[in-house]
Amino acid sequence: MRFSCGAVAPAWLCRHDDALLYLAPALALALVIRALARRHPAFFVFTLAGTVCHELTHFLVGFVTAARPGSFTVMPRRAPGGWELGAVTLGRVRWYNAAPAALAPLLLVLLPWWVAAWRTDPGWHFQAIDIALAFLVAPQFLACWPSRADWLVARRSWPALVLGVSIWLIYDYLHGNRLRSFAALIHA
């Protein structure tokens with residue numbers, strides 16, 4: 001009996017099986033780094049690439065959305081209940097820029113996918129560079145999720161969320177109720 005990806009996963013996922021296979025070691029390494037970093041602060045060095053990218057996304061999106069990013073630090077420091085690995089201060093957080101600036105680290109999930117697409121494009125063969133890339137990509141999996149403080153800042157954008165959903169629903173209603181066709185496309 002031959003394994004068929006389509007039998008256990010959606011077709012769009014099966015088209016990326018090389019990338020998923022390529023990213024599996026980096027994801028496993030991310031879990032090991034997370035477990036070790038919780039046990040001893042010396043292992044924070046393995047999270048540094050992710051921390052830099054996490055804070056850099058806050059800074060860049062804050063700059064683009066006029067949130068006036070100020071200080072930028074990636075020096076770990078003791079905080080109540082654990083460690084703070086880095087921080088960016090935003091001087092002008094408003095309802096329209098709070099969510100984009102605070103949730104910017106979600107964009108980091110694209111970085112591992114880009115690396116996987118680059119390395120597996122015409123078919124791939126494992127090389128020594130892939131070990132180094134796994135150590136650079138693994139922290140991105142840990143850093144792409146916004147912190148609790150980020151989520152609290154993002155809540156200030158609830159008017160933008162209500163406005164965006166309202167516009168989308170009005171557009172969908174006026175243009176032939178494409179919501180059903182989108183749901184049908186996903187389940188196909």
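How many helices and strands does the secondary structure of the protein come to? Colour the chain by secondary structure: there are 10 helices and 4 strands. Helices (H or I, at least four residues) and strands (E, at least two) are DSSP runs, numbered from the N terminus. Followed from the N terminus, the elements run α-α-α-α-β-β-β-β-α-α-α-α-α-α.

This is a predicted model, in which local features need pLDDT of at least 70 and side-chain atom pairs count only at pLDDT 80 or more, while totals for chains, interfaces and linings use all residues. Residues are numbered from 1 along each chain as its sequence is written, and side-chain values use heavy atoms, with hydrogens and water left out.

Switch to a surface view. Of the 188 residues, 28% count as buried. Buried means under 20% relative accessible area, exposed over 50%, and partly exposed in between (1.4 Å probe, protein chains only).

**Stop 1: the nonpolar patch**

Select Leu20, Leu107, Val109, Leu110 and Trp113, which make a nonpolar surface patch of about 420 Å². Patches are made of residues with over 30% relative accessible area and no salt bridge; like charges are joined within 9 Å, nonpolar side chains (Val, Leu, Ile, Met, Phe, Trp, Tyr) within 5 Å. The areas come from the Shrake-Rupley method with a 1.4 Å probe, and for residues only the protein chains shown count as cover. Trp113 lies in helix α6 (residues 110-120) and, at 34% relative accessibility, is partly exposed.

**Stop 2: the salt bridge**

Stay on helix α6 and select Arg119, then Asp130. Their side chains meet in a salt bridge (2.8 Å, N to O). This pair links distant parts of the chain, with Arg119 in helix α6 and Asp130 in helix α7 (residues 129-143), 11 residues apart. A salt bridge here is a side-chain nitrogen of Lys or Arg within 4 Å of a carboxyl oxygen of Asp or Glu, and the structure holds 1. Are Arg119 and Asp130 buried or exposed? Arg119 is buried because its relative accessible area is 15%, and Asp130 is buried at 5%.

**Stop 3: aromatic pairs**

The whole structure has 5 aromatic pairs. Rings of Phe, Tyr and Trp (its six-membered ring) pair if their centres lie within 6.5 Å; planes under 30 degrees apart count as stacked, over 60 as edge-to-face and the rest as tilted.

Select Phe59 and Phe72. Their ring centres are 6.0 Å apart and their planes stand at 90°, so the pair is edge-to-face. Phe59 sits in helix α4 (residues 48-64) and Phe72 in strand β1 (residues 69-73), 13 residues apart, so that distant parts of the chain are linked. Phe59 is partly exposed at 26%, as is Phe72 at 35%.

Next select Trp114 and Trp118. The centres of these rings are 6.0 Å apart with planes at 15°, so the pair is stacked. Both residues lie in helix α6, 4 residues apart, about one turn of the helix. Trp114 is exposed at 55%, and Trp118 is partly exposed at 44%.

**Stop 4: cysteines**

Select Cys53 and Cys144. Cys53 is partly exposed at 22% relative accessibility, and Cys144 is buried at 12%. Counting a disulfide as a pair of cysteine sulfur atoms within 2.5 Å, the model has 0 disulfides.
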